[in-house]
Amino acid sequence: MKKIININLSSRLIPIEDSAYEILRQYLDTLKSYFAKEDGGDEIVSDIESRIAELFQDKLKKGAHCITDEDVVAV
């Protein structure tokens, strides 16, 4: 059984498996590094995070207990 943690993503509370969080964190860190040199890079990353949070919220509203590795990879 995987450990489930709660994270705050774009001001939304998201229950997520610990391993899925690591995948998500690595992805977001990569995005931040990529857009660091761009004008408005922080806003671009923020918009992407917001959309990911929306997709996760939709998944949870449809009855998912938490966000899994597969959910993160699908996003």
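## Overall architecture

Read along the sequence, the chain of this predicted model follows the pattern β-β-α-α-α.

Along its principal axes, the C-alpha trace spans about 40 × 20 × 20 Å.

## The hairpin

Strand β1 covers residues 4-9 and strand β2 covers residues 12-17. The two strands pair in the antiparallel sense, with 6 bridges between them. Within this pairing, I7 has I14 in β2 as its bridge partner.

Together, β1 and β2 form a hairpin in which 2 residues lie between the strands. In the turn, S10 has a positive phi of about 55°. In a regular strand, side chains alternate between the two faces of the sheet.

## Contacts and burial

Of the contacts in the chain with a separation of 6 or more, 51% are accounted for by residues 24 or more positions apart. Buried residues, those under 20% relative accessible area, make up 32% of the 75 residues in the chain.

## Surface and charge

The accessible surface of the chain comes to about 5,200 Å². Carbon and sulfur atoms contribute 49% of that surface.

Among the side chains, 10 are positive and 15 are negative. The centres of these two sets lie 5 Å apart.

Definitions and conventions. Residues numbered from 1 in each chain as written. Predicted model: local features only at pLDDT ≥ 70, side-chain atom pairs only at ≥ 80, totals over all residues. Heavy atoms only, no water. Pairing = 2+ DSSP bridges. Helix = DSSP H or I, 4+ residues; strand = E, 2+ residues; numbered from the N terminus. Buried < 20%, exposed > 50% of the residue type's maximum accessible area, 1.4 Å probe, protein only. Contact = heavy atoms within 4.5 Å. Areas by Shrake-Rupley, 256 points an atom, 1.4 Å probe, with all protein chains shown as cover. Lys, Arg positive; Asp, Glu negative; His and termini not counted. Charge placed at Lys NZ, Arg CZ, Asp CG, Glu CD.
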